[in-house]
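User: I am new to this structure and would like to know where its labels come from. Could you take me through some of them?

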Amino acid sequence: MQGIDRRLIQNFEWPLFTMAVLVAGIGIVNLVSASPEQTTGLPDTAWRQLVWLGIGIVLLFATLVPDYRTLERFALPFYAAVVVLLVAVLLGGRIVNGSQRWLDLGPLNLQPSELAKLAMIVLFARLLARRGASAPVGLRDLIVPGILIAIPAALIVKQPDLGTTLILCVVSGSFLAVTRVRVFSFLLLAAIAVGAAAVAWLFFLHDYQKERVFTFLNPERDPLGAAYHAIQSQIAVGSGGLFGKGFGQGSQSQLDFLPEQQTDFVFSVLGEEWGFVGVAVVLALYLGILIRGLMIAHSSKDLFGSYLAVGIVALFFWAGVINIGMVIGVLPVVGVPLPMLSYGGSALLTCMIALGLLMNVSMRRYVF
Amino acid sequence: MNRLTSSAQPSDGTVERRLTGIALLVVSVWMLLLTRLFYLQVVQGDVYKVSAERNSVRSQRVQAPRGAVLDRHGESLVDSRPAFEVLVVPHETEDVPATLTRISGLTGRDLAAVQKSYGVPRGRARFQPQRVAHDLDRDALASVEARLWALGGVLTQVTPVRGYRYGASAAHLLGWLGEVGPEQLREKEFQSYRLGDIIGRGGIERLLDSDLRGRPGGRNLLVDAHGKELDLLSLVEPQPGRNVVLTLDHALQEAAEAALDREQKTGAVVALDPRTGEVLALASRPAFDPNGFATGIDPEIWRGLTNDPLKPLMNRALQGQYPPGSTYKVVTAIAGLEEKLVDAHTEVHCGGSFRLGRRTYRCWKKEGHGTVDLHTALVQSCDVYFYKLGLELGVNRLAYYARSLGLGARTGIELGGEMAGLVPTKEWRQLRDGTPWVEGDTVSVAIGQGANLWTPLQLAAAYSAIANGGTRYKTHLLKRIEEPDGTVVRSFEPEIAGEVPVSAGTLALVRAGLAGVVNEPHGTGALMRNLPGGVLAAGKTGTAQVVGMASGERVDTKDLARQHRDHAWFVTYAPAENPRIVVAVLVEHGGHGGSAAAPVARDVVVRFLERELGTYAGN
């Protein structure tokens, strides 16, 4: 029944795997340039990311072993465990730069909000699959999912980690795209979303976060303060031109003008040093991953598999759009890392597991 | 299988139709991103290239002025003064060797030193200002600034430099600074530091580094390709460090150090307030001048300090461990009284020596003290009385009372590196040497020779407990930490470490003896008489043998080479009734306590009383 079937190996998901490894490889090369100078060898951050990538690939293959449908049974316990971890983070997590996001597990730090994204996707895929695809979704059907999102979202916004909260909400919301939603329900939902945003604005957002939104809406407001990152990041990307300044040659990147250039603003280093050509290659690979993911959703023989694939595609899509949009000045500055390019172990592992799940669905499309 | 796929239902096509729509949406969003990137990089690329090349951002870290360290009366001991430095940004400088030569000429600094300070910046360092000359005076600065227009990529800035007002005074306690090392930067607790930042390396500077350093600021400047500053993009003002107020009294510290320095004595002085455990003075000699380290220590000087056989970096007041000599006799006296082996009237004959088995233990007074009771034995420091009493008590009972006074344990001072000292027991000897304790060892211990080791701080703390009627306070040096505007962040209250389990009557008898040491005929501490305001002091002398008592002989110390001479102790408190200060003095290889250490203690007590009486007209 389970285990590695010969057919599984024959059906190995080569396209997705190849594109993912290529993007992650570009990410590490880019990190070498984005990291502080070191006298010998690779910078610490690049080294650590390389180790994380190794672990991530092992995890990816481990994810392939069990049938993804087993996961359906564990959706709720997984969700509950993540909520417990999120509470633990708020009670005793490690504080870095004013945010309490990490659980200190001796040699490594776990960021449970990353796991929350996966848990949410698995849970929603299960809920929707149980309902069936044809049942129309009314407002009352959204109450329970709403609460299920609200719990981890509230815990994560409290850390505070606005970026991850945002991703969690939009990824969950994306499932609506594959259900039959009544028009009236949809309108009311939009009203609720606006109301929730207003409440968040009034009670949850920090001043610096509000400042960023104001700045985005009106960059002239404070060009030296909050808009500074956006302007400098555009100069970096723009000055890369068609072919870029070359590896390690970006004067904007080599100056510490962006404090987050290894994480949230890593794309600007790529843009400056590799130019439009480099950026287009990375965007093409990303798009390839997304389209391949949607194809997997399409070819899956069961609803759970389809929904799982859609959720994972949504995760990559939104993180990519929000991050790149921020770097090139079309979206406000929100701390969302770029999947597989930004420095960060938990985020990379989450990506690799998510890709593993996608491949799992793909490789079992004939196994029925 | 069925159980697993309970949700597997045939799709009615909704999902498939939606997926096509989603794919189209994703592709269009991606096209939008790509279009925007094309616009930024290809259409506007040259414009941004110009802004990136012509207007690059120069980030400068602005060091925060480090907090001051003040004594209990608000006298500033350490502060930060502004100094000027010249920096060169490699990336913006066309001809680096010529520029460095020019700077060397303008500042009058040695070219080799300027080149060495510039180093060989590579990679990212090429974009950051490299310091080439520091601690310049206004004239040198003016001559550089006048030529600044011709020197591309050269800039000047003000950086606070640490100033230790009184040089080597209290140097061990105040500590010193150094640049944070690369190995430290890898550790979590130093994550807010950057290479080149200044960090406390010893004493208070190290202990309270996070309070004293403040928060460094930074500024991002828009500069053109020639390094000319065009605009200030953003500025984060540095937050000045907090000020630290010590319990120390600089006048007493100065008196202690002057007294030690007068004859270039090696040793330590500790002055405590016996009512609180506050450290009023904590001196150690030889010392060093931390001003030399403030702008980066010269490796030559550092090597000299670490290789000096006199160990000037060691804080003898809390790291030096010495046999207590006769200052120990209070322990023997307290033990004897508490164990009811003697009372105030018990008399012992001292004929100048004491025989145990085949060995003779001499009293320091060859002709003997005659018939003595406890009081006389303390006043005249009769060895024979305490040989006999100690032998009756045994070493473990002595150890119990020594420990109850806080000896053989750290006194709790905030500074790092405090030594615990040593109070020997039978078990300790068995463990360490594997040989049994013999009675002869007890005889030596009873008068403070042999295995006992105390720090000057411990001795002062133990005598504080005797002086104040039996309360042991944790010794402490910090009074409060304040924000630059004077808001108190933390203040430190006296902490009781324990009560000495000894009756009031016992302590009263011992205190009477200690008062007699100073004020009665034949007392060994006569030097403490005639204090300002007619105050009467109490005290005890001690002479700790460096060469063992193996021979059972007491050798005249003047005949020995310096390193074999006895250590001199003197501990005193004043006034004898309701004491307000305790002073312990140790002079390494100083000979007799009464003559080598007591004058130092006297100076400190006199300064203290003058201050209280208002007759001291110092700073």
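Predicted model: local features only at pLDDT ≥ 70, side-chain atom pairs only at ≥ 80, totals over all residues.

User: What makes H7(A) and H13(A) oblique to each other?

Analyst: The axes of H7 (residues 162-174) and H13 (residues 303-327) of chain A come within 9 Å and cross at roughly 135°. Angles under 35 degrees count as roughly parallel, over 145 as roughly antiparallel, 65 to 115 as roughly perpendicular and the rest as oblique. H7(A) and H13(A) are therefore oblique. Their crossing is also right-handed.

User: Which residues meet between H7(A) and H13(A)?

Analyst: Ile167(A), Val170(A), Val171(A) and Ser174(A) from H7(A) meet Gly311(A), Ala314(A), Leu315(A), Trp318(A) and Ala319(A) from H13(A); contact means that C-beta atoms, placed from the backbone, lie within 7 Å. By class, there are 7 nonpolar, 2 polar and no charged residues. Ala, Val, Leu, Ile, Met, Phe, Trp, Tyr, Cys and Pro count as nonpolar, Asp, Glu, Lys and Arg as charged, and the others, Gly among them, as polar.

User: Why is H13(B) called roughly perpendicular to H16(B)?

Analyst: The axes of H13(B) and H16(B) (residues 395-404) come within 9 Å and cross at roughly 110°. That angle makes H13(B) roughly perpendicular to H16(B). On the H13(B) side, Val331(B), Thr332(B), Ile334(B), Ala335(B) and Glu338(B) take part, meeting Arg397(B), Leu398(B), Tyr401(B) and Ala402(B) in H16(B). Those residues divide into 6 nonpolar, 1 polar and 2 charged.

User: Is Lys311(B) buried or partly exposed, and how do you know?

Analyst: A residue is buried if 20 or more other C-beta atoms lie within 10 Å of its own, exposed if 12 or fewer, and partly exposed in between. Lys311(B) has 16 C-beta neighbours inside 10 Å, so Lys311(B) counts as partly exposed. It lies in the loop between H11 and H12 (316-319) of chain B.

User: What makes His589(B) buried?

Analyst: His589(B) has 20 other C-beta atoms within 10 Å, so His589(B) is buried. It sits in the loop between S23 and H21 (593-596) of chain B.

User: What is the phi of Lys311(B), and what is that of His589(B)?

Analyst: Phi is near 50° for Lys311(B), a positive value in a residue other than glycine. For His589(B), also a residue other than glycine, phi is positive, near 55°. Most residues other than glycine have a negative phi, and most peptide bonds are trans. The peptide bond from Arg285(B) to Pro286(B) is cis, with omega near 5°. The bond from Ala574(B) to Pro575(B) is cis too, with omega near -15°.

User: How does the reach of H20(B) sit against the expected span?

Analyst: H20(B) (residues 504-519) has 16 residues and reaches 22 Å from its first C-alpha to its last, close to the 22 Å expected at 1.5 Å a residue. The expected span is 1.5 Å times one less than the number of residues. Its buried residues include Leu507(B), Val510(B) and Leu514(B). Among the elements covering the buried residues of H20(B) are H19 (456-467) and S21 (538-544) of chain B.

User: How much of chain B is buried?

Analyst: Buried residues make up 48% of its 619 residues.

Conventions:
Residues numbered from 1 in each chain as written. Chains lettered and ligands numbered in written order. Axes fitted to C-alpha atoms, helices over the stretch in contact; angles between N-to-C directions. Helix = DSSP H or I, 4+ residues; strand = E, 2+ residues; numbered from the N terminus. Left-handed = near helix turned anticlockwise from the far one by under 90°. Contact = placed C-beta atoms within 7 Å.
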